[in-house]
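Visitor: I am new to this structure and would like to learn how to read it. Could you take me through it step by step?

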Amino acid sequence: ATELEKVEAVIKKAHDAGKPFRFWGAPDTKTTWSRFAAMGVDFINTDKPAEAAAYLETLDARKFELKSPISVYKPKFDFDKNTRPKNIILMIGDGNGLSQISSAVFANRGELTITQLKNIGLVKTSSFDDLVTDSAAGATAMATGEKTNNRAIGTDKNGQDLKNLTEIFAEKGYLNGIITTDFVTGATPSSFFAHVVERDDSEAILEDLNKSKVDFFLSAGASDYAKIEKEFVQKDISEFNDFENRTAIFLSESGLADASVRGDQFPEHVKKVLQNLESQDKPYFLMIEAAKIDKNGHTNNASGIVEEMLDFDKTIAEVLKVADQNKNTLVVITADHETSGFAIMQGDLEKGQIEGGFLTHDHTGTMIPLFSYGPGSELFNGVYENTEVF
Ligand code: MG
Ligand code: ZN
């Protein structure tokens, strides 16, 4: 603080005398460049001018400030640890690494609903054929318990079909639901019902959806409906009150709008789905994906990452409220991989500001966190492969 005062005073003195200010011999780092820029230093001294220019030009796009914090739900932890769970909800934040979560924690002034949880693990995400996984192999590992090649959906390294969780749960009399902010043919959701060697083969994925054990889904992309209308009845969320028919609920015609535009549409839809499920006697398995944390990582959009993570946290709050009411639901919250090598460069906890930095536009191989709640959640502590989630 004392040194900052001196630097600010000398910059002011130069400016008052009508002179530009240049600081000689300062550290030549990103943090220094952005601090000096914010303090009104007129020339930044650097031996890396191209890197410094690229860094400063993207500074505004890498900053995010949350004006009004979201509310944090405090779970009750009064479920019976010695029983087996009746329902299972697997929540996947696509591309949701520890920095993605941390940035939303800082933006929300230090706390989120997800950070209330106590059973935590770290998950190794490599696929069969690559140190760095894609979403297809990442979700297949959790849906089937097998490592496969990148791009493969529900098939093994030789292209053979693998039995997935919805098929297993259907045999046990469960209702199966798939919920995503992506298209239902996205790599993450389709790994839970389809068997194709190439994730872009949406036609084959929709055919597999028709043949699958999925009772309902909620996703973007009503434009996909024509290929599944013989099997699924399309409903508005307000008409979704029973499971007499297989049901399709769409959040949008094509891709879903960003969280900053769509408001609380996703957590509110999830809340209504859970009300319907809770009115049934059957146990249920739900896979809920927050797909757009990854998409905003690929485009290096810091605001998009934080806003989608906050939307995911609101959805987590709705899920935990239901888990607290019925006391018999295991909730597992994780990711398939990290996207973009996202890091928190600087920020301000009181103002809910963060400055993000990006290493790449692709996925990275870093371990990702897993949070769990409810009966059986203590089994998820430790460090393990993504196949163990299955
Ligand atoms: Mg995905
Ligand atoms: Zn991705």
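Predicted model: local features only at pLDDT ≥ 70, side-chain atom pairs only at ≥ 80, totals over all residues.

Visitor: Which residues form a nonpolar patch on the surface?

Guide: Leu 122, Met 367 and Val 383 form such a patch, and together they have about 230 Å² of accessible area; of these, Val 383 has its place in strand β15, which covers residues 382-385.

Visitor: How should I judge the overall form, and what radius of gyration does the protein have?

Guide: One compares the value with that of a compact globule: for 390 residues this would be near 21 Å, and the protein, with 23 Å, agrees. Along its principal axes the C-alpha trace spans about 80 × 45 × 40 Å, and the secondary structure comes to 12 helices and 15 strands.

Visitor: What share of the residues is buried?

Guide: Buried residues, meaning those under 20% relative accessible area, make up 53% of the 390 residues.

Visitor: Which residues coordinate the magnesium ion (ligand 1)?

Guide: To read a metal site, look for the donor atoms around the ion, which here come from Asp 94 (OD), Thr 188 (OG1) and Glu 289 (OE), at 2.0 to 2.2 Å. Along the chain these donors follow the spacing D-x93-T-x100-E. Thr 188 lies in helix α7 (residues 187-190) and Glu 289 in strand β8 (residues 284-290), so this pair ties together parts that are 101 residues apart in sequence.

Visitor: Are Thr 188 and Glu 289 buried or exposed?

Guide: Both Thr 188 and Glu 289 are buried.

Note on methods: Residues numbered from 1 in each chain as written. Chains lettered and ligands numbered in written order. Heavy atoms only, no water. Donors = N, O, S within 2.8 Å, 3.2 Å for Na, K, Ca; no water. Helix = DSSP H or I, 4+ residues; strand = E, 2+ residues; numbered from the N terminus. Buried < 20%, exposed > 50% of the residue type's maximum accessible area, 1.4 Å probe, protein only. Patch = residues over 30% accessible without salt bridge, like charges linked within 9 Å, V, L, I, M, F, W, Y side chains within 5 Å. Areas by Shrake-Rupley, 256 points an atom, 1.4 Å probe, with all protein chains shown as cover. Salt bridge = Lys/Arg side-chain N within 4 Å of Asp/Glu carboxyl O. Rg over C-alpha atoms; globule rule 2.2 N^0.38 Å.
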